[in-house]
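Colleague: I have a protein open here and would like to talk through how it is put together. Can we start with the layout and then go into the packing?

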Amino acid sequence: MGLLDGIREVLGIRAETDAGRAADPEDLFGMSTAYVTMEADLGYESVGQAALCFSEVDSTDFQNAVDEVHAILEAGKEETGTEATAHVDSHGYSWFVLEDDDPEDLVTSLHFAADTFVEEGYGSRLLAAIFGFERDGNYVYWLYSFRRGAYYPFAPKRGHERDSAAEFKLQSNLDGELEIESDEQYWYPLWSDHSGKHPWQ
């Protein structure tokens, strides 16, 4: 299964069909305390970036919603210093990538962006929010699936392998603090197109 099919099936069509509950951008605030646990208990520090992945609709109304998200993030930049960039990946999925040394600002800005899509009636276009962490040169991620309304860990290794032990340790330590996906078939990896890069790159 390729990256394109994987995102479409697990974060999109199949996850929507099998959704456990309606996704809520308020769930993203759980990451505010999770950042503290990740650093204090597990030694992982924020990479200073987070991202929102969504699929676009070819309509003026949807583009207006995207423009509104842009405007909100730009306004927030003056208050929090959070830098926001947007791009479309090679598979046609759109991303807002946020950069800030303060994890709390990342969570708040990502929530504003996701909540705007929901308020404008496009919550179903949201696929995932991704938060990155690093320890000793190794990256791990918490992904929030909007279609499933739950988080899951992703610990990539070279050669498109996964560090399952690290993922289960993350699950064990954050269970109860985050709403974690109980069905591991939905722990789908989001590989970057470039080796050693983040999923949103």
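Colleague: In what order do the elements of the protein run from the N terminus on?
Modeller: Keep in mind that this is a predicted model. From the N terminus on, the elements run α-α-β-α-β-β-α-β-β-β-β-β-α.

Colleague: And how many helices and strands is that?
Modeller: The secondary structure comes to 5 helices and 8 strands.

Colleague: What share of the residues is buried?
Modeller: Buried residues make up 46% of the 201 residues in the protein.

Colleague: What about contacts: how many join residues at least 24 apart?
Modeller: The share is 69%, taken among contacts between residues at least 6 apart in sequence.

Colleague: Let's go to the helices. At what angle do α3 and α4 pack?
Modeller: The angle is about 155°, and the axes of α3 and α4 are 9 Å apart. Angles over 145 degrees count as roughly antiparallel. That is why α3 and α4 are described as roughly antiparallel to each other.

Colleague: Is the crossing of α3 and α4 left-handed or right-handed?
Modeller: α3 passes α4 in a right-handed crossing.

Colleague: Which residues make that contact?
Modeller: From α3 there are Phe62, Ala65, Val66, Glu68, Val69, Ile72, Leu73 and Thr80. From α4 there are Asp105, Ser109, Phe112, Ala113, Thr116 and Phe117. By class, the residues of the contact of α3 with α4 divide into 9 nonpolar, 3 polar and 2 charged.

Colleague: Take threonine 116 from that list. Buried or exposed?
Modeller: Threonine 116, in helix α4, has a relative accessible area of 6%, so it is buried.

Colleague: What does threonine 116 touch?
Modeller: Not counting residues up to four places away in sequence, threonine 116 touches Ala65, Glu68, Val69 and Ile72.

Colleague: Now the other pair, α2 and α4. How do their axes cross?
Modeller: Helix α2 covers residues 30–42 and helix α4 covers residues 103–119. Their axes come within 9 Å and cross at roughly 155°. α2 and α4 are therefore roughly antiparallel to each other, and their crossing is right-handed.

Colleague: Which residues meet there?
Modeller: Met31, Ser32 and Tyr35 in α2 meet Pro103, Glu104, Leu106 and Val107 in α4. The classes in the contact of α2 with α4 are 5 nonpolar, 1 polar and 1 charged.

Colleague: Changing topic: how many aromatic pairs does a search of the whole structure find?
Modeller: The search finds 14 aromatic pairs. One of them is formed by phenylalanine 54 and phenylalanine 117, with 4.9 Å from centre to centre and 45° between the planes, and is tilted.

Colleague: Where in the chain are those two?
Modeller: Phenylalanine 54 is in strand β1 (residues 45–54) and phenylalanine 117 is in helix α4. They are 63 residues apart, and the pair links distant parts of the chain.

Colleague: What parts does the pair of phenylalanine 62 and phenylalanine 117 tie together?
Modeller: Phenylalanine 62 lies in helix α3 (residues 60–80) and phenylalanine 117 in helix α4, so the pair ties together parts that are 55 residues apart in sequence. Phenylalanine 62 is buried, at 0% relative accessibility.

Colleague: Which residues form the aromatic cluster?
Modeller: Phe54, Phe62, Phe96, Phe117 and Tyr122 form one aromatic cluster.

Colleague: Where is tyrosine 122 found?
Modeller: Tyrosine 122 is in the loop between α4 and β4. It is buried, with a relative accessible area of 13%. Leaving aside neighbours within four places in sequence, tyrosine 122 is in contact with Ser59, Asp61, Phe62, Ala65 and Phe117.

Colleague: How are tyrosine 122 and serine 55 separated?
Modeller: They are 67 residues apart along the chain, and their C-alpha atoms are separated by 9.8 Å.

Colleague: Last one. Which loop holds histidine 160, and what is histidine 160 in contact with?
Modeller: Histidine 160 lies in the loop between β7 (156–157) and β8 (161–162). Leaving aside neighbours within four places in sequence, histidine 160 is in contact with Trp191 and Ser192. Histidine 160 and serine 192 are 32 residues apart in sequence and 9.5 Å apart in space, C-alpha to C-alpha.

Key:
Residues numbered from 1 in each chain as written. Predicted model: local features only at pLDDT ≥ 70, side-chain atom pairs only at ≥ 80, totals over all residues. Heavy atoms only, no water. Axes fitted to C-alpha atoms, helices over the stretch in contact; angles between N-to-C directions. Helix = DSSP H or I, 4+ residues; strand = E, 2+ residues; numbered from the N terminus. Parallel < 35°, antiparallel > 145°, perpendicular 65-115°, else oblique. Left-handed = near helix turned anticlockwise from the far one by under 90°. Contact = heavy atoms within 4.5 Å. Nonpolar A, V, L, I, M, F, W, Y, C, P; charged D, E, K, R; others polar. Phe/Tyr/Trp six-rings, centres within 6.5 Å; stacked < 30°, edge-to-face > 60°. Buried < 20%, exposed > 50% of the residue type's maximum accessible area, 1.4 Å probe, protein only.
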